[in-house]
Amino acid sequence: MMKLTDVISISGKPGLFKLINRTRAPFTAEDLESGRKQPIFARDNIVSLADISIYTEEGDKPLAEVFEEIKAKYPEEVADEGTIIADKTKLRSWIGEVLPIYDKERVHDSDIKKLLKWYNILRKAGMETFVVQDDQQVATEE
């Protein structure tokens, strides 16, 4: 089962990647869309999606929680991604629908576009849940 902590964004490269190995350099990552594996070097600027948050009027909201709110409105994927991304008004309307308390001044259009694209990539890759449960909760549920 893929977790958000295993998914990374690499600066300068489109899409999202899943870390395959972390034990020796270079690390290996798999493109979630194409499935191609590639080396990740120390010079690559990477960030785990679990470490990203969105500015809201109430403080920062972790990306995992934002994805869960999107999933509540769009259980599969956002079907009209291209239409929404192409129109600034639709883009702002969409984020207002899924996260009404987002900080309208600090969240840029490019941030919203990434959020939408990343959500669709993760859903297509089969990610069912975004918020990581601690090991005790998982063991209890099993």
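How many helices and how many strands are there in the protein? I went through the predicted model and got five helices and seven strands.

**Overall dimensions.** I looked up the radius of gyration, which is 16 Å for the protein. The globule rule gives 14 Å for 142 residues, and the two values are close, so I noted the protein down as being as compact as a globular protein of that length. Along the principal axes, the C-alpha atoms fill a box of roughly 45 × 40 × 30 Å.

**Burial and surface.** I checked how much of the chain is tucked away: 37% of the 142 residues count as buried. The accessible surface of the protein is about 8,700 Å², and carbon and sulfur atoms hold 47% of that.

**Contacts along the sequence.** I took the contacts with a separation of 6 or more and asked what share comes from residues 24 or more positions apart. That share is 55%.

**Helix 1 against helix 3.** Then I turned to one helix pair. Helix 1 covers residues 63-73 and helix 3 covers residues 88-98; their axes come within 9 Å and cross at roughly 95°. Angles of 65 to 115 degrees count as roughly perpendicular, so I logged helix 1 as roughly perpendicular to helix 3. On the helix 1 side, Glu-69, Ile-70 and Lys-73 make the contact; on the helix 3 side, Trp-94, Glu-97 and Val-98 do.

Note on methods. Residues numbered from 1 in each chain as written. Predicted model: local features only at pLDDT ≥ 70, side-chain atom pairs only at ≥ 80, totals over all residues. Heavy atoms only, no water. Axes fitted to C-alpha atoms, helices over the stretch in contact; angles between N-to-C directions. Helix = DSSP H or I, 4+ residues; strand = E, 2+ residues; numbered from the N terminus. Parallel < 35°, antiparallel > 145°, perpendicular 65-115°, else oblique. Contact = heavy atoms within 4.5 Å. Rg over C-alpha atoms; globule rule 2.2 N^0.38 Å. Buried < 20%, exposed > 50% of the residue type's maximum accessible area, 1.4 Å probe, protein only. Areas by Shrake-Rupley, 256 points an atom, 1.4 Å probe, with all protein chains shown as cover.
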